[in-house]
Amino acid sequence: SGFNSIGHMDTMLRRRHHIGHHKEGEEFIQNVFHVLFQLFSGKEKCNLSICWLQYEISKVLQCLQRKKKKKLKAQGRKSKKLAKNLLKAPDNRNHLSLWKLYAYLEWLLGNIDDARKVFDTALGTAGTGGLKSPQLCSLGLLYAQLEVELLESLEGAVMSRAVHILTKLAESGPYVPYSGQVLSVNVLKARKTYEHALQDYLSKTPVSDQDQVNDANQLVNLIGCYALFQYLTVGIDAAVLIYAQTLEKLEAPGPQKCENTGESFGIQNFPTALEAVTLLHTNLLRFHMKISVYPLNPLREALTEALKRYPSNQSLWRSYIHIQRKSHSASKARRFFDGVTRSTNSLEPWLFAIQAEQMRKKLIENVQRADVGEIHSTIPETGLTNRIIALFEHATQSENGTHCPLLWRMYLNFLV
């Protein structure tokens, strides 16, 4: 076509191939990173290293989603080489966020034992900050979450590696790698520590804006660790209770404004913490439904409440579409999409409403064409086609939709 796209557009299918990372675009992005890397120093350089490694991880995830084993191997080698080079830099050696990403990369590539070694080393060298150290908490939470995903059921979960990690985190002592068992007395002590730490954070008043950002991040990690700990040691209801209580606290109207400065204090004024906690809550419910029998309603309610409040959160929309695919009645979801699109200027509800209908159309066409070979069904599914076109029409007329190239391309693609 005479030109190449830089980056990628996941939603479009061109013949049988997804549009992936083009060679020229990829070279351009790598050059940008190399040039910038020489211009920065100190904290900025660390942040740039994190961005670079996150970008590499996004490519590995893409290979995993597409199930391209050869490409995954090659990409894995490149990404690991970069990660090791970044960690060799003197400034980055003690940077926990980078160690966390490197361990995650190894995990994604299927090298579970290597990833565990990296996690254990990072936790061992990180000192004894325990629940007071945001980076340590974040590292421990990811490690525990990945370990939990390996569990096939909750039987014997109290003795699992994930519980060991979360217990050690609460002890604020030097980290000792997992030896195969967890003492009940340590579990009890850790539960008390988590409880007190969470109460302290919720009653704390941050001094400056930067403190507020740090406190919000730390609060999210702390709630994530505590809820996961309760989930593994007590059960799903105990974890859901923690999310319910903290969301209630965070949603409470903030304390009165200070008369002299006009500033208002309290973590209640920090919406990003609320959104992140909601995401942890819904992800845990989804995971629990995967490994055991649990009603769909709590997850559906949590998602609809969250999406009314955060209509532009893509992860929440993905989960919502995923659970709606299991239901045979589309009317409830359609009413919900309709309500959200009326009450917000965000474009995400439109895009996901269209995607949900397209999935439904594909499903119906597959059923109609089953066992017939190449002979296509003589009765086309026009009702859904018209509905999708109507959605595109409304979406492109909205303020944000008019200026969204992705939406127009999807519309053209659908009409073709």
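This briefing covers the fold, the confidence and selected contacts of one protein chain.

The model is predicted. The protein chain has 17 helices and two strands. Of its 416 residues, 43% are buried. The mean pLDDT is 84, and 85% of the residues score at least 70.

**Overall picture**

- Helices number 17 in the protein chain, and strands number two.
- Among contacts with a separation of 6 or more, 59% join residues 24 or more positions apart.
- Buried residues account for 43% of the chain.

**Confidence**

- Residues 1-11 have a pLDDT below 50. Beyond near neighbours in sequence, this stretch has 21 contacts in the model.
- Residues 255-269 also stay under 50 in pLDDT. For residues 255-269 the model has 26 contacts beyond four places in sequence.

**Helices H3 and H4**

- Helix H3 spans residues 69-88, and helix H4 spans residues 96-108.
- The axes of H3 and H4 come within 10 Å. They cross at roughly 160°.
- An angle over 145 degrees counts as roughly antiparallel, and H3 and H4 are therefore roughly antiparallel to each other.
- The crossing of H3 and H4 is left-handed.
- From H3, the contact uses Ser79, Lys80, Ala83, Lys84 and Leu87. From H4, it uses Leu98, Trp99, Tyr102, Leu105 and Glu106.
- By class, the residues of this H3 and H4 contact are six nonpolar, one polar and three charged.

- Ser79 sits in helix H3. Its relative accessible area is 0%, so Ser79 is buried.
- Not counting residues up to four places away in sequence, Ser79 touches Leu53, Glu56, Val60 and Leu105.
- Trp99 lies in helix H4. With a relative accessible area of 23%, Trp99 is partly exposed.
- Leu87 and Trp99 are twelve residues apart in sequence. Their C-alpha atoms are 7.6 Å apart in space.
- Trp99 is in contact with Leu87, Asn92, Arg93, Val118 and Ala122, leaving aside neighbours within four places in sequence.
- His95 belongs to the loop between H3 and H4. His95 is buried, at 15% relative accessible area.
- Beyond neighbours within four places in sequence, His95 is in contact with Cys46, Ile50 and Gln135.
- The C-alpha atoms of His95 and Ala122 are separated by 9.1 Å. Along the chain, His95 and Ala122 are 27 residues apart.

**Helices H14 and H15**

- Helix H14 covers residues 331-343, and helix H15 covers residues 348-368.
- H14 and H15 pack at an angle of about 160°. Their axes are 9 Å apart.
- That angle makes H14 roughly antiparallel to H15.
- H14 passes H15 in a left-handed crossing.
- On the H14 side, Arg334, Phe337, Val340 and Thr341 take part. On the H15 side, they meet Pro349, Trp350, Phe352, Ala353, Ala356, Glu357 and Arg360.
- The contact of H14 with H15 has seven nonpolar, one polar and three charged residues.

**Positive phi in loops**

- Most residues other than glycine have a negative phi. Two exceptions follow.
- Lys67 has a positive phi of about 55° and is not a glycine.
- Lys67 lies in the loop between helix H2 (42-66) and H3. Its relative accessibility is 72%, so Lys67 counts as exposed.
- Ser172 has a positive phi near 55°, and it too is a residue other than glycine.
- Ser172 is placed in the loop between helix H7 (161-171) and helix H8 (184-202). At 33% relative accessible area, Ser172 is partly exposed.

Note on methods: Residues are numbered from 1 along each chain as its sequence is written. This is a predicted model: local features need pLDDT of at least 70, side-chain atom pairs count only at pLDDT 80 or more; totals for chains, interfaces and linings use all residues. Side-chain values use heavy atoms; hydrogens and water are left out. Axes are lines fitted to C-alpha atoms, for helices over the stretch in contact, and angles run from 0 to 180 degrees between N-to-C directions. Helices (H or I, at least four residues) and strands (E, at least two) are DSSP runs, numbered from the N terminus. Angles under 35 degrees count as roughly parallel, over 145 as roughly antiparallel, 65 to 115 as roughly perpendicular and the rest as oblique. A crossing is left-handed if the near helix is turned anticlockwise from the far one by less than a right angle, and right-handed if clockwise. Contact means heavy atoms within 4.5 Å. Ala, Val, Leu, Ile, Met, Phe, Trp, Tyr, Cys and Pro count as nonpolar, Asp, Glu, Lys and Arg as charged, and the others, Gly among them, as polar. pLDDT is the predictor's confidence in each residue, from 0 to 100. Buried means under 20% relative accessible area, exposed over 50%, partly exposed in between (1.4 Å probe, protein chains only).
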